[in-house]
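Look at the sequence and the structure below. The report that follows describes selected parts of the fold.

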Amino acid sequence: MNKKYTLISPCFFGMEKMLANEIKSLGFEIEKTEDGRITYKTDEYGIAKANIWLRCAERVNLKVAEFTAKSFEELYDKTRRIDWSRFIPYGSQFPVSKASSIKSKLFSTTDIQSIVKKAVVDSLKEKYLETGILKEDKEKYPIFVFIHKDKVVLSIDTSGMALHKRGYREVANKAPIRETLAAGLVYLTLWKPGRTLVDPLCGSGTILIEAAMIGINMAPGLNREFISEKWRTIDKKIWWDVRRDAFDQMNDNEDFVIHGYDIDPESIKIAKANAELAGVESYIKFDVADVTDFKSDEEYGFIITNPPYGERLEDEESVKMLYKTMGYTFRGLKNWSYYVITSFENFEYEFGMDSSRKRKLYNGMLKTYYYQYPGPKPPKKSE
């Protein structure tokens, strides 16, 4: 019988809907959606599936317990009462890797970490009848503590490195967009393989690489490892099965080419190398070109781009000029749809056109808006 688990996947603010759709499409049952995190039910196969398949999640955490604590005594007592031996086998390492506290009486994260560590040690010593120092020399089970309005959620990280680290971006240019956010931007458009897609300010190529991976149904976690693969508590065969299944589901006979341009030759070099590492180089054509010169004979197409934001005052004038140029260039593409993410407050004014819709998204800690200009739908191709 498969064990049942509750998982928590944090995401960037504004990405909850896209992540919820992904979680549902994997067949998991959503228990709760909150700002920047989704809680869902699954079995042990689900731990591997969520890590290998989720494009918009930052990580996959295994939920251990939830309770209220307004004092350190209460935090210690309630953490100690948990049967941690159900999750952490004898001899494993269990660092309290991360603690965060929002609007709560307990706010010192270092104190929270040391109290939780002591409580887990004492709980495990009791179970394993251990005296003295508890042995910690085997695989790792990193513990996360999240406290919001005195509600404590304890979980164990199953991902290791954050999920945006797909394994293909060894080098990035100055202002890269995170892979998880780039995937979300593609999900928010109606682009499908076979339709024209261009990023005329592609930088290190992240948006197009994520689009190509979506286009061939390549699981984003296929080329990397996860901390829970080393756990004794999950059968290694599960990881083999889920990986093999992901390879089988990849549709690599898709026939499409998408295009990336950048004025900086070094960025194009990096983008090509990243696409090759991701295994999607045959689906993306990268060239050095200025956005000003962009034209197309295609009647319908999509532009998805993450231009410079002009956060430094000295860059503001050049960014305004860039947005004016983009507006003029993009409007020359009659039936195209264009999507632009930026933190620049007066983007629509400089671009010369109000968006049909703008969605607030966070790029890390930076508040940005995703300006959406959908064009008319292309006529259906006759078979």
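In which sense do strand 8 and strand 9 pair, and over how many bridges?

## Basis of the report

This is a predicted model, in which local features need pLDDT of at least 70 and side-chain atom pairs count only at pLDDT 80 or more, while totals for chains, interfaces and linings use all residues. Residues are numbered from 1 along each chain as its sequence is written, and side-chain values use heavy atoms, with hydrogens and water left out.

## The sheet with strands 8 and 9

Strand 8 (residues 197-199) and strand 9 (residues 258-262) pair in the parallel sense, over two bridges. Two strands count as paired if DSSP finds at least two bridges between them. Helices (H or I, at least four residues) and strands (E, at least two) are DSSP runs, numbered from the N terminus. Val198 has His259 of strand 9 as its bridge partner.

Both strands belong to an open sheet of seven strands with mixed pairing, in the order 10-9-8-11-12-14-13. Strand 10 (284-288) and strand 13 (357-363) are at the edges and have a single partner strand each, so one side of each is left without a neighbour in the sheet. From one strand to the next, the twist averages 20 degrees. Helix 6 (residues 206-215) packs on this sheet and touches strand 8, strand 9, strand 10 and strand 11 (302-305). Contact means heavy atoms within 4.5 Å. The direction of helix 6 makes about 170 degrees with that of strand 9. Axes are lines fitted to C-alpha atoms, for helices over the stretch in contact, and angles run from 0 to 180 degrees between N-to-C directions.

## A loop residue

Asn306 lies in the loop between strand 11 and helix 9 (316-331). Its relative accessibility is 13%, so Asn306 counts as buried (under 20% relative accessible area; exposed is over 50%, partly exposed in between, with a 1.4 Å probe and protein chains only).

## The sheet with strands 1 and 3

Another open sheet of seven strands has the order 2-3-1-4-7-6-5, again with mixed pairing. Strand 1 and strand 3 pair in the antiparallel sense over seven bridges. The bridge partner of Tyr5 in strand 3 is Thr42.

## Helix 1

Among the buried residues of helix 1 (residues 16-25) are Met18, Leu19 and Ile23. The buried residues of this helix pack against several elements, including strand 1 (4-10), strand 3 (37-43) and strand 13.
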